[in-house]
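Welcome! Take a moment to look over the fold, and then let's walk through a few of its features together.

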Amino acid sequence: MADDLLNDTKTYPGMAHWFDPVLLLQLLNNVVVSSIFGQYADRRLVIAALDTVPPEEHSKRAEDFRSRLKTDQHGGVWIDWVADLGDGFDSTYAVASLLASKDLKIGETLLPRGQALIMGGDEVYPKATREAYANQLRQPYAWAAPDPDRKNDDGRPLLAIPGNHDWYDGLVLFLALFCKEKPWHVGAWRSYQRRSYFAVRLTETWWLWATDIQLADDMDGPQADYFKQIATAMPENSRIILCSAEPGWLYTDSNRKSWEIMEYAAGIAINAGRGHTIPVLLSGDTHHYSRYVGKDGRQYVTSGGGGAFLHPTHQLSQDVSVNFINHREDLKLGTMPDPEHPEKTTAAAYPSFSTSRWLTLRNAFFAFTNWDFSLLMGGIYFLFALLISLRDQPDIYALIAAIFGASLIGYTFKQEVSRKFKIWASAAVHAAAHAFVLIYAARYAIAFNNAHFAWSGEWWEIWKWFGLLAMEMVPVGFLVGSTLFGLNMLITCLLLRMNRNDAFSSLRIGAYNNFLRFRLTEDGFDMYVW
């Protein structure tokens, strides 16, 4: 029984240990390789070259999608959106079970299951492997919605947008699974698309566009031509839900490319001169829910709660400004009525800001929740203590401080796109704390060992002395060094709006999941957050 349970947890794992040193090295390798691969062998260009069909065929595929959707008794079409899934099995399966339910009830409103499912990016974590797609994506959804007929390729359509984690293998597996001619069966759902980007018609007037921004945050030529052709062929005055793997409006202070690509796609639609509008911009990538409202009620929605670790909300700005098709658009974090107190409103963010701040405090226990990283810190502290034991001089202290400083400042610059002063100051204080604790503890341990360790002249006793030093310094690195790392993330995330990703990936919180359910009519749309 224990062996079966162990095998199950290996096959269907819990939340990824993002600070596992082995995983960190693997991800670093994947990022480097995929970046080079994406630059010199862009799979989007390859699939476009292989998908040699006339432009009219693209429009036909987009139009045919509508025939797969049924309307409710009042003429509305229901579709579901989920993003950032395939991390922890429990959280992914929980969301999949709700999506598979015949209907859900919010208050007195009954929400029927979506006629189509849109996956908004990062379908697996932490790496794009065949095992991850099979065990962390397909299997949870297959158990939540068993396949009624494995030989039948008809079923609820599934469309997927690739995120950065899907790109870590150069998009090979994503294209092989989601974009093949014969539909991929994911439980009761069936893949539909032929490219990593797509446009589909949902109703008489509603369309959905999904872009693939790759790792470099760009739009390739064939993709731009595809959307231009679709925009021209669409009926006049169509309404578009524009989807991307990244919520560029949240990253205007750190990654303007992400928003520029989304604006470029919006420009293709609006500049087609056929009266198209974009009432909704939709994304995942950030693992929480938030909604901003722009000009004319345009909705900017982030929903990335499909099963991955939680991201904070307390760092969200109340106001955001973007350049939407050459015009400034000021966004405000939307408000929605509180059903228990209709006269009051609550911020459109989940979890709440106060809950997000409280969760950040868990980083005080970073050393224990990330024990594998703590062991690495223990080893680093021991090696530096060993260096001090060989040469207990100020130049060695300076070298240790310089190594900590260069490493942590470089790491922070890589992880954060913030004001340079905040990066330099926070990383310098962090490095100084490590250097001070390590040097003080090492000198104390060395002095204690020299005073109490009796040498008999045997050469092998040096190993005994080193072993004693390891027994003293590894716990210091494990407990104090790793705790300093966690406290740095806690303070910077809580007070300086930094470490949005690392401070919460370390916590591996698989709760606070969310997904969206839309009802589209010719009069407008209703969006429900579950």
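## Before we start

Helices here are DSSP runs of at least four residues, numbered from the N terminus. Please keep in mind that this is a predicted model.

Helix H4 covers residues 55-64, and both Glu-57 and Arg-61 lie in it, four residues apart, or about one turn of the helix. Their side chains meet in a salt bridge, with an N to O distance of 3.7 Å. Glu-57 is partly exposed at 28% relative accessibility, whereas Arg-61 is buried at 17%.

Helix H4 also holds Lys-60 and Asp-64, again four residues apart and separated by about one helical turn. These two form a salt bridge whose closest N and O atoms are 2.9 Å apart. Lys-60 is partly exposed at 44% relative accessibility, and Asp-64 is partly exposed at 31%.

## A link between distant parts

Asp-147 and Arg-190 form a salt bridge too, with their closest N and O atoms 2.7 Å apart. This pair links distant parts of the chain: Asp-147 sits in the loop between H6 and S5, and Arg-190 in strand S7 (residues 189-191), 43 residues away. Arg-190 is buried, at 1% relative accessibility.

## Strand S4 and its neighbours

Strand S4 (residues 116-119) is covered on both faces, with Ala-116 and Ile-118 buried on one side and Leu-117 and Met-119 buried on the other. Strand S1 (residues 77-82) runs parallel to S4, joined by four bridges; Asp-80 has Leu-117 as its bridge partner in S4.

S4 also pairs in the parallel sense with strand S5 (residues 156-160), over three bridges. From S4 the chain crosses through helix H6 (residues 130-144) to S5 in a right-handed β-α-β crossover.

Key
Residues are numbered from 1 along each chain as its sequence is written. This is a predicted model: local features need pLDDT of at least 70, side-chain atom pairs count only at pLDDT 80 or more; totals for chains, interfaces and linings use all residues. Side-chain values use heavy atoms; hydrogens and water are left out. Buried means under 20% relative accessible area, exposed over 50%, partly exposed in between (1.4 Å probe, protein chains only). Helices (H or I, at least four residues) and strands (E, at least two) are DSSP runs, numbered from the N terminus. Two strands pair if DSSP finds at least two bridges between them. A crossover is right-handed if, with the strands pointing away from the viewer, the path from the first strand over the helix to the second runs clockwise. A salt bridge is a side-chain nitrogen of Lys or Arg within 4 Å of a carboxyl oxygen of Asp or Glu.
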